[in-house]
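Visitor: I am new to this structure and would like to learn how to read it. Could you walk me through it, one feature at a time?

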Amino acid sequence: MEFTGETRVLTVSNQKGGVGKTTSAVNIASALAGLGASVLVIDLDPQGNASTALGVPHNADTPSVYDVLIDEFPLAEIVQPSPENPRLFCAPSTIHLAGAEIELVAQVAREHRLRRALQDYLVDHPVDFVIIDCPPSLGLLTINAFTAASEVFIPIQCEYYALEGLSQLLGSIQMIQKHLNPALHLSTILLTMFDGRTRLAQQVAEEVRTHFPTQVLNTVIPRSVRVSEAPSFGQTVIAYDGQSAGAIAYREAAVEIASRVTQSKEK
Ligand code: ADP
Ligand code: MG
């Protein structure tokens, strides 16, 4: 696939935990790199699950996103290559990031820290995609992601409470649009952990597609044990078992995401 050289910045957000944010962030990133794109994943969750899945060290001494947000380290000083693909990079998170949410409150330009760091980084390190993995909250870390990105990517788990809380998330996006980042928009919704055998999953999927006809990807990610096993090997499922149903689905979703650029360019 051809990439235009323009950087797309997507933030993977949903204030619910366990809906597949991190899994989607790292697998879409790896799949995009597999398509020939250069990709930087920014791990904004103190849990550091994205760093783990990308095989990037992130113990307490590792220079991390914390140092970028609080001590204004250049991103270039903390970004590490992922062993998985030469075009795949990760700005790791460490446990220190848990305190950043509170420390940021007292900082100057606290909402813009990540955006500024990213802008500086991209001058010398142009990449096709930046994918930001957010923590499950709408605090200052997520606000930094919303201010740095132009696209919001929401993974939705097809279960009973899937749509609950979504209006709060959409409200936050609108507020950021108005006050901090007019370019921000909801570009992509991905249905995750889909179990097509249940009537409920199908109903939820239908409902989401009715509400967001242009944003929902055609590809849905099936529930698959291989997907959940991969991180314990420090890998995405793309590297861990590329022929599994989960890997195939994430690669298809990545193709959809990548080809949406071409569409907007042709208009
Ligand atoms: P979040 O980042 O939103 O908290 P995660 O991506 O960490 O969510 O996913 C939550 C849990 O569900 C993890 O244990 C993950 O391995 C598992 N999981 C995610 N996607 C799938 C899938 N398609 N099939 C099976 N398990 C999955
Ligand atoms: Mg996560």
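**Reading the fold step by step**

Guide: Gladly! Keep in mind that this is a predicted model. Let us begin with strand β5, residues 129–133: five of its five residues are buried, so the strand is largely enclosed by the rest of the structure.

Visitor: Which residues of β5 point one way, and which the other way?

Guide: Phe129, Ile131 and Asp133 point to one side of β5, while Val130 and Ile132 point to the other, and all of them are buried.

Visitor: Which strands pair with β5, and in what sense?

Guide: Strand β1, residues 8–12, runs parallel to β5 and is joined to it by five bridges. Here Leu10 stands opposite Ile131. Strand β2, residues 39–43, also pairs with β5 in the parallel sense, over five bridges. In that pairing, Val39 is opposite Phe129.

Visitor: What is the order of the strands in the sheet?

Guide: Eight strands make an open sheet with mixed pairing, in the order β3-β4-β2-β5-β1-β6-β7-β8. The edge strands, each pairing on one side only, are β3 (80–81) and β8 (216–222). Leu10 has Glu151 as its bridge partner in β6.

Visitor: Now the helices. How should I read one?

Guide: The general idea is that an α-helix has 3.6 residues a turn, so residues three or four places apart point the same way. For α1, a length check works well: at 1.5 Å a residue, its 14 residues should span 20 Å, and the end C-alpha atoms are 20 Å apart, which agrees.

Visitor: Where does α1 lie?

Guide: Helix α1 lies across β1, β2, β4 (88–91), β5, β6 and β7, and it runs at about 165° to β5. Of its 14 residues, 14 are buried, so α1 is largely enclosed by the rest of the structure.

Visitor: How many residues of helix α6 are buried?

Guide: Nine of the nine residues in α6, residues 140–148, are buried, so this helix is largely enclosed too. Among them are Leu140, Ile143 and Phe146. The elements covering the buried residues of α6 include β1, α3 (65–71), α4 (97–103), α5 (113–124), β5 and α7 (166–179).

Visitor: Which residues come nearest to ligand 1?

Guide: There are 17 residues around ligand 1, and those that come nearest are Lys21, Thr22, Thr23, Val227 and Ser228. The elements giving two or more residues to this shell are α1 (21–34), β7 (185–194) and α9 (225–229). Helix α1 provides the largest share, three residues. Sorted by class, the shell has five nonpolar, 10 polar and two charged residues.

Visitor: What should I look for in the backbone angles?

Guide: Most residues other than glycine have a negative phi. Glu72 has a phi near 55°, although it is not a glycine, and it is found in the loop between α3 and β3. Met193 is another residue other than glycine with a positive phi, near 50°, and it lies in strand β7.

Visitor: Are Glu72 and Met193 buried or exposed?

Guide: Glu72 has 12 C-beta neighbours inside 10 Å, so it counts as exposed. Met193 has 22 C-beta neighbours inside 10 Å and therefore counts as buried.

Technical notes: Residues numbered from 1 in each chain as written. Chains lettered and ligands numbered in written order. Predicted model: local features only at pLDDT ≥ 70, side-chain atom pairs only at ≥ 80, totals over all residues. Buried ≥ 20, exposed ≤ 12 C-beta atoms within 10 Å, placed from the backbone. Helix = DSSP H or I, 4+ residues; strand = E, 2+ residues; numbered from the N terminus. Pairing = 2+ DSSP bridges. Near = placed C-beta within 6 Å. Nonpolar A, V, L, I, M, F, W, Y, C, P; charged D, E, K, R; others polar. Contact = placed C-beta atoms within 7 Å. Axes fitted to C-alpha atoms, helices over the stretch in contact; angles between N-to-C directions. Expected span 1.5 Å × (residues − 1).
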